[in-house]
Every structure is written in structure tokens, then in C-alpha cells.
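Please look through the sequence and the structure shown below before reading on.

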Amino acid sequence: MTLADNRRQAKNSSAIEQFLAKTPVHIAVVAIAVIWTVPTFGLLISSLRDQEALLQSGWWTIFWQPGRIAEFDLENYITVLTSQGMGQAFLNSLVISIPATVIPIAIATFAAYALAWMEFPGRQWLFVTVVGLLVVPLQMTLIPILRAYTQLNLSGTFLAVWLAHAAYGLPLGIYLLRNYIGALPRDLIEAAEVDGASHLKIFTRLIVPLSMPAIASFAVFQFLWVWNDLLVALVYLGGNQNVAPVTLVLRNLVGDRGQDWHLLTAGAFVSMIVPLLVFFGLQRYFVRGLLAGSVKG
Amino acid sequence: MEGSSNLVRILSAIAAILIGSGGVIGIFYGLNLLAERLPRRVRTQILPWIYVGPALLLLLVYLILPTLRTLYISFFGRRSDEFVGLKNYIFAFTDSDMLIVFRNNLLWLVLVTGFSVGLGLIIAVLVDRVRYEPVAKSLIFLPMAISFVGASVIWRFMYAFQPAGQEQIGLLNAIWVSLGNEPVGWLINRAINNFALIAIMIWLYTGFCMVLLSSAVKGISKDVIEAARMDGANEFQIFWRVTIPMIRSTILVVSTTIVVLVLKVFDIVFVMTGGNLDTDVIASRMIKEMFNYGNYGRGSAIAVILLLAVIPVMVVNIRRFREQEQSR
């Protein structure tokens, strides 16, 4: 046996040793990942099974009888979308979430630019206030705003939830964007000013394009937050079923049809499909928004 | 017929989206056009206020004034027409149901923060050593995208309960029964229902903690770990003596975030049990006072307690921000 052989053997055995030493790590990681996935996976399988099968046997039994996969269909989804109001609710969620994302983005970006690059009295104080407002629980605002909405006949309208969501999202948006826009190179903005560009031109041609990463993070965060919200919709939309978003309709399904698992499973997935698409498509921006915005009220 | 009414619905949805989104941009352009007609000196003074104005207005109308108003009416009766002093607060801190609410919130705070941060840290360290790290992380992080309502339905199904002798369709009871036990009403039994609800939040937020802590763990220099290994430290010693001390500030930020989130937890309790069977928490109790009992005084007092609980976090945030500004 040569020295090189010896060495190779030692190397091989250490590779195996390393793998064996890592076995507990592999088991732990795989086990946790599986445990974390099983609840959602079970719901997905169940949403494809028909009403009777769902109540007769657990969803995991299809693994012992793989032939039954042939019985899967979209029946439950069709029922929940047409006869349980989930279809309208899905549209309502879009109508609520898109403006409730665009409005605070526009307002927060303008404000962030002014706070970062314009001179006016009290701007430091204004920003400190924004930082303070980040963690104010929105529960503090529900009663007075609901009363005002009732008086103004705004309760149960899209405008009511758009403005409320926009305002609740603003502290985070201003905070995030002001930090980003404030860190842009001073030379760039001064050069544009010397060239005689107006503030609006600097803003639309320079600031907005350069801040796209931060705007995207905030957009993803705010969109998911609004889409997934129950509290704001519940309080300000009240019992108006015509404008109810998916979360509210799903919650009512749980209340009224708590044992109708064929409706609940499909309904839950209808409410989750958009967030899941956003999650898989824009995970990078979502993580960044979360890192920055984990303190939102 | 039905096809055309669906079309109308979709078109009106699109119209609403365009009006809502376009309106705000239109307002800024209109204001800006007006400002440009002013003489230059006035314009440079007014323009900043046009830019921050809408933000200021919304913050004032939707956050600052209502907060003050809530504080004010927390000293008044159920219809806000008679001054009652501290009566609502005395109720909040002495009523036996309210004491259960505080006990529950404390349970939530300790268990959710402890488990999601602890598990998140362990997973962050473990996952760093395997090659399929991105996949494992995505799966554990995925629940973050799901709403509390959606997660509640997912877990209602996990906790589903049938009387003994019938086929269990909830996974937990199926496993429990196959081990030779009686089925458990996870959400009904007062000794365990709070823990069943808390588990949902842990499931939702462990991934979030993992992502934040994982980026901190990756920030620790390899030389430090190598040096500790050379000195004969084993993996557990490295974890306790090197990893944890080096990412302490991240652990603190993550824990604070979870504490603030847990304090305001509402949806899970509201959807799963409606706060019945001793499962109410502060935020769900507040909504109950507001809608079910129509008692705005008590509802406001409970909201104020929530605010008081987050004020330390607010102070720390502002202090940290000021330090950052000074070191800029």
C-alpha cells in the first residue's frame, strides 16, 4: 500500500464519518420540514376529495390506497366559489388590496422624499413621530374611527378600508423608504438640482426608479398584510357581504358550516392562493420587507 | 345571463381598483400643478408640505387623533356619555374573566416567544449544515404567507375530533387513538385548548424567526468557530458560548417583534373558539366588549392596556433611531 492509497482511504472514511456524524442533523431538519408542511399538505389533499370521502376517512389513507387519487376533482372549489360567495369575495379582496397597497406607496414615497431631501421646519420631529407610531396597536383607533365612519355613512365601503389600511401601513412605508431614499448619493440629487430639474422631476425620474427595491419590499409586505387582514375588514365593513374579502367570508364559513370540511378546505385554499403565489414569486422582496417591517402595528 | 353579470362584476372591480389607485396619484399631480403657478419663493416653502401633507393628514386622522380619543373615552361609560373615572380600568384588572384574559396573554407571550425564537434558532443552526438548506427553509417559512384565518382552518382540520369509536379525520386524534388512547377535544378541553391555539402561532412564526436568525448565524466569521474548535470545544459548547453571544442583539430584536405581535393576537382566537371556553386574549376581548356588549368605555380601556404594554418597545425604538441618526 502506498502512502497515497493510505491517504485516500483515510479521506474516504472521514467522508463517511462526516456523513454519519451529520445523520442526526439530517433527521432533525427533514423531520421539522415535514412536520411544518403536513398541515397545509393535508388540507390541499382534502380540498380535492369529495364530501363523503372526506368524512369517512383521513386524508392520509390515500397513501395506502393510491388508486383513490383518481377520484380527485375540483368540485369543492366550484361549489365554494359559486354558491358560497367565495368568487365575489376573491374579487373584493383584489379590489381592497390593490388600492390599499398603491395609495400608501404613493403617499409614503412622496413623504419619504420630502423628509430626506427637502428643508422644512419640524421634519426631524415628524420622523421621530413616525418611528413611534410604528408599534401603536391599531386597536387604539378602532372605536373612534368606526364611530366617525358610521356618522359619515362610510362604514361598509371600499373607500373606508382603503384609507384605513393606507394609514395603518404608512408608518412602516415612510420609515422604510425614508431610510432608503436618505441613503441615496447626495451628488446625484444635487447634480439634478443644478441642471434645473424641479422637485417633481427629480422625484419621478430619479428617486422612484432608484428606490424600486425598497418600494417593491414595502409593496409585497403591505399587499400580503391587507390581503390576509381580518380585523380591519371585520370592523369597518361590518355585515356588508357584498364587499367582504376572502378572510371574512372564510371566517363566516367556519362559523356557519364548521363541519362542512369540503367547503372549508377549498375555501381556505382559495384565500391562500394569491399569498402563496406572491410568496414563491417574490420571496426575496417579502423577506426584505419582513426584516425591515417586523415592528408594524 | 349569469355570464354577463359576472362580466359586470369583474369590470366594476377593475374600475374600483383604477379609481382607488389612480385617485391618489392624481391628487399629487394636481397639487403639484397648483404649486408651480406660485411665485418661486412661496413655492419652495409650500412644496415640502404638499409632499408630506397627505401622509401627515392620514397619520393624524387615522392614528394620532383616534389614539387620543380612545384614551379619553376609556374614562367614560359604555355610551361615552358619563364620566366614570378609573372604573373601566378597575374592571379590567379585577374582573375574573379579565384575569383569565391576562393569564392567557401571558401564556401566549411566554410560549410563542420561547418556542418560535428557540426553535427558529436551532433550525437556523442545523439548516446551515445541509445542502438542501433553501428547500427546507422555504417549507418552514411558508406559513408566514398564510393568513391567520387560513392557518386557523388548517389547524381546525388537524384538531378535528370525533367521539370514540368513530373514524378520526383529524391527524392528531388519529395518531393519538392509534396509540391506544381516547380521542381528545383539543379545542374544547379547557386544560389544553389554549395550548392548541398557541401551537398555531408557533407554527406560523418559527419560520420568520429562523430567517432572521439564520442571516445572523451566517454573519459569524468562520475563523471564530474554527478557533473554538481548535481549542477543543464541541458543537454544543460552540452553540452556547460562541453562536448565542455573537447574535445576541438579533435574538433581542426578533424576540421583541414576536412579543409585540403576540400581544395583539386576535384572528386565531376569534376564528377558532370565539374566545369561549377560557381562551379569550386582550385583543379578542376588546372586540367582544365593542361589538357584543356595546361597551365602548371598557373596550377603550382594554385597548389602552395594549398600548401601555408596547410603550417600552416604542421608547427603545425611538432611542435606537436617535443614536443611529447621530452616528450618521
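This is a predicted model: local features need pLDDT of at least 70, side-chain atom pairs count only at pLDDT 80 or more; totals for chains, interfaces and linings use all residues.

B:Ser80 sits in the loop of chain B between helix 2 (40-73) and helix 3 (87-94), and its phi is near 60°, which is a positive value in a residue other than glycine.

A:Asn153 also has a positive phi, of about 60°, although this residue is not a glycine. The loop that holds A:Asn153 runs between helix 6 (139-151) and helix 7 (158-182) of chain A. Is A:Asn153 buried or exposed? A:Asn153 counts as exposed, because it has 9 C-beta neighbours inside 10 Å, and the limit for an exposed residue is 12 or fewer.

## The domains of each chain

Chain A is divided into domain 1, covering residues 3-73, and domain 2, covering residues 79-293, and the centres of these two domains of chain A, taken over C-alpha atoms, are separated by 37 Å. Where they touch, eight residues come from domain 1 of chain A and six residues from domain 2 of chain A. On the domain 1 side of this contact, helix 1 (3-47) and helix 2 (51-56) of chain A each supply at least two residues, and the largest share, four residues, comes from helix 1 of chain A. Sorted by class, that side of domain 1 of chain A has four nonpolar, three polar and one charged residues.

For chain B, the assignment gives domain 1 at residues 2-59 and domain 2 at residues 87-326. The centres of domain 1 and domain 2 of chain B, again taken over C-alpha atoms, are separated by 39 Å.

## Where the chains meet

The contact between the chains takes 77 residues from chain B and 86 residues from chain A. Which element gives the largest share of the side of chain B that touches chain A? That share, 15 residues, comes from helix 2 of chain B, and by class the side of chain B that touches chain A has 58 nonpolar, twelve polar and seven charged residues.

One pair of helices can be followed in detail. Helix 6 of chain A packs against helix 14 (residues 296-326) of chain B at an angle of about 150°, with the two axes 8 Å apart. Angles over 145 degrees count as roughly antiparallel, and helix 6 of chain A and helix 14 of chain B are therefore roughly antiparallel to each other. Helix 6 of chain A makes this contact through A:Gln139, A:Met140 and A:Ile143, while the residues from helix 14 of chain B include B:Tyr296, B:Gly299 and B:Leu307. The residues of this contact divide into six nonpolar, three polar and no charged.

According to an unreviewed UniProt entry, the annotation "domain: ABC transmembrane type-1" covers residues 90-282 of chain A. Over residues 90-282 of chain A, the model is 80% helix and 0% strand, and the end C-alpha atoms are 21 Å apart.

The unreviewed UniProt entry also places the feature "transmembrane region" at several stretches of chain A, among them residues 125-146 and 206-227. Residues 125-146 of chain A are 77% helix and 0% strand, with end C-alpha atoms 29 Å apart, whereas residues 206-227 of chain A are 95% helix and 0% strand, with end C-alpha atoms 31 Å apart.

Note on methods. Residues are numbered from 1 along each chain as its sequence is written. Chains are lettered from A and ligands numbered from 1 in the order in which they are written. A residue is buried if 20 or more other C-beta atoms lie within 10 Å of its own, exposed if 12 or fewer, and partly exposed in between; C-beta atoms are placed from the backbone. UniProt positions are given in the numbering used here, feature names are shortened, and annotations may be inferred rather than shown by experiment. Two residues are in contact if their C-beta atoms, placed from the backbone, lie within 7 Å. Ala, Val, Leu, Ile, Met, Phe, Trp, Tyr, Cys and Pro count as nonpolar, Asp, Glu, Lys and Arg as charged, and the others, Gly among them, as polar. Domain bounds come from an automatic or database domain assignment. Axes are lines fitted to C-alpha atoms, for helices over the stretch in contact, and angles run from 0 to 180 degrees between N-to-C directions. Angles under 35 degrees count as roughly parallel, over 145 as roughly antiparallel, 65 to 115 as roughly perpendicular and the rest as oblique.
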